[in-house]
Amino acid sequence: MMDKTSVIFGNVIDKKSIKKAEKSKNKFLKKYGDDSGNDYKISFTDIDTLDFIGASNIVFGEENQKFDDNALIVGNIRMGFGHYRISMAMASCARALGYKPYWLDLASFDATGSEMIREQNSLYSLGSKISQKSKLFNKLVWDPMNSEGFKKLTYNAVDQKNSELLVPIFKNIGKEIPYIATHVWPAQAAVHAGLEHVVNAIPDNWPMALHLSEGAIHTVQTPYAYFGYKTFNGFAKTPLKGMPEKDIKMVGCYVDHELLCDLKEVNDRRKARISQGKPIRLLMTVGGAGAGLDLFLNMVKHLLPYVKRNEVALFINFGDHLEVYKKLLSKIPELKCKEYFNQYENLKKTVAELKTGDAEGVYAVYNQNIFEAVYSTNLLMPVTDLLVTKPSELVYYPIPKVFMRHIGGHEVYGAIHGREFGDSTFECLDKKSMNAMLDRLISDREIIPHMCDAIDALNAAGYYNGAYECVRLATAD
């Protein structure tokens, strides 16, 4: 296992930070045990929700199963929904290009490294929720940590050392198999384990040392992110050596093949519905961390009169957070919904009908299954007109968007990117500005078609082809 902590892209890390990194790794070893001698056998199970792309889930088994000759592994973790969503895009485009996708969720195993991920993920989720309840915590702790704290090169040194704990999971995974990581820990783990074709798909528009995995090809979606990683600007108090061109590629947005193959027709249907005076279809999504209840409560209350006048049809994907739905009902007793609770197949039938049929009222979607919870938003995007979301991974998806306030300072630059490229609004920072924006988009029926035209132009320019490009980079000889 090569040392990736002491020197990062030619920049020497100070001894204090190295000691901190070693202390962090030893803490997890003491807490969860040393499994470096374990021989974890690799087996596969089907992912029924993703049957259309034939993705297989990598699990521990009694005996090693053989990977397909055209295998491509998508390494990920469950942290919110974003990294799962990007992983689905990678698997989808891998299948479209002729590869067999395998799903490797490093947080899902009974292993020391997985315990490390789950512990840190729980802390991140807790911080995300607290930040929505405490303006002081958000201002003094959460926003600075997510923007400036994670940006420092010394932060990467700690993560590199912790990710060494994940290497035992890779013992029986072939070094030659193409591999795309949608979070930095799976990328670092694969490099430490000696995999030879690793792509590190960076999700955000705000450059941070958090996302570095030296030894992998780093991909970014935007010019701003490319320049940030090329120069390491702001990663330390003094100038640093940046990333060589061979290690950083700007590829475009990570979007599923299924959302791109008929995108022009999807936008034509959106524009036709709006020009015909039909209800504007708003899609709201509850993130994987379940934060933002107050914002959702405010928006739903504001939109209900529009729904009652049949000017809006509201779709809410609660993901796997049933408690958020229950809280909404307790606060808004008059809220009546068409419920699709653990009814994924029924939802698919409704989506097929909505392609050409009419929508009215409020549609509430919930799935306990994580794959169904995430992919329900993908199903609904092509049959809705406007996505209401925080400026995270959904910034880069081909649907008109209105941005809620960010959760974590790193998301701010995603919102800036979206509004500059013409398929999104600016970030609405409070309830008043969000309500005003919703009013404007509902009343002025020229804005959403304008966003659709921008999406069509971006698609024609290859703006959404990032996942295809990641597959090509991982599989290049």
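## Cavities in the model

The structure holds two cavities of 30 Å³ or more, and it should be kept in mind from the start that this is a predicted model. About 50 Å³ of space lies in the largest cavity, whose lining is made up of Leu259, Leu263, Val266, Arg270, Met381, Pro382 and Pro398. Helix 9, which covers residues 263–275, supplies the largest share of that lining, namely three residues. Rolling a probe the size of a water molecule over the atoms is what shows where empty space is left.

Seven strands form an open sheet in the order 13-14-12-11-15-16-17, and their pairing is parallel. Strand 13 (338–341) and strand 17 (424–427) stand at the edges with a single partner strand each, so one side of each has no neighbour in the sheet. From one strand to the next, the twist averages 15 degrees.

Within this order, strand 11 (residues 280–285) and strand 15 (residues 386–389) run parallel and are joined by three bridges; leucine 282, for instance, has leucine 386 in strand 15 as its bridge partner. In general, the strands of a sheet pair through backbone hydrogen bonds, either parallel or antiparallel.

## The helix that lies across the sheet

Helix 13 (residues 370–380) lies across strand 11, strand 12 (312–317) and strand 14 (362–366), and the helix runs at about 155 degrees to strand 12. Is this helix mostly covered, or mostly open? Helix 13 is mostly covered, since eleven of its eleven residues are buried, among them Phe371, Glu372, Tyr375 and Asn378.

At the start of helix 13, a side-chain oxygen of asparagine 369 comes to within 2.9 Å of the backbone nitrogen of phenylalanine 371.

## Strands covered on both faces

Six of the six residues of strand 6 (residues 100–105) are buried, and the strand is therefore largely enclosed by the rest of the structure. Lys100, Tyr102 and Leu104 point one way from strand 6, while Pro101, Trp103 and Asp105 point the other way, and all are buried. Strand 6 pairs in the parallel sense with strand 4 (residues 56–60) over two bridges, where asparagine 57 has tryptophan 103 as its bridge partner. Strand 5 (residues 71–76) also runs parallel to strand 6, joined to it by six bridges, and here glycine 75 stands opposite leucine 104.

Strand 8 (residues 198–201) is likewise covered on both faces, with Val198 and Asn200 buried on one side and Val199 and Ala201 buried on the other. Three bridges pair strand 8 with strand 7 (residues 179–181) in the parallel sense, and the bridge partner of alanine 181 is asparagine 200 in strand 8.

## Two phenylalanines with positive phi

Which phenylalanine has a phi near 50 degrees, a positive value in a residue other than glycine? This is phenylalanine 9, found in the loop between strand 1 (7–8) and strand 2 (11–12). Because its relative accessible area is 6%, and buried means under 20%, phenylalanine 9 is counted as buried.

Phenylalanine 232 has a positive phi as well, near 55 degrees, and belongs to the loop between helix 7 (223–231) and strand 10 (248–250). With a relative accessibility of 2%, phenylalanine 232 also counts as buried.

Technical notes
Residues numbered from 1 in each chain as written. Predicted model: local features only at pLDDT ≥ 70, side-chain atom pairs only at ≥ 80, totals over all residues. Heavy atoms only, no water. Pairing = 2+ DSSP bridges. Helix = DSSP H or I, 4+ residues; strand = E, 2+ residues; numbered from the N terminus. Axes fitted to C-alpha atoms, helices over the stretch in contact; angles between N-to-C directions. Contact = heavy atoms within 4.5 Å. Buried < 20%, exposed > 50% of the residue type's maximum accessible area, 1.4 Å probe, protein only. Polar contact = N/O pair within 3.5 Å; in protein donor to acceptor, adjacent residues only side chain to side chain. 1 Å grid on protein atoms, 1.4 Å probe; cavity = no way out; pocket = protein on both sides within 12 Å on 5 of 7 lines; lining within 4 Å. Points joined across faces, edges and corners; volume = space filled by probe spheres on them.
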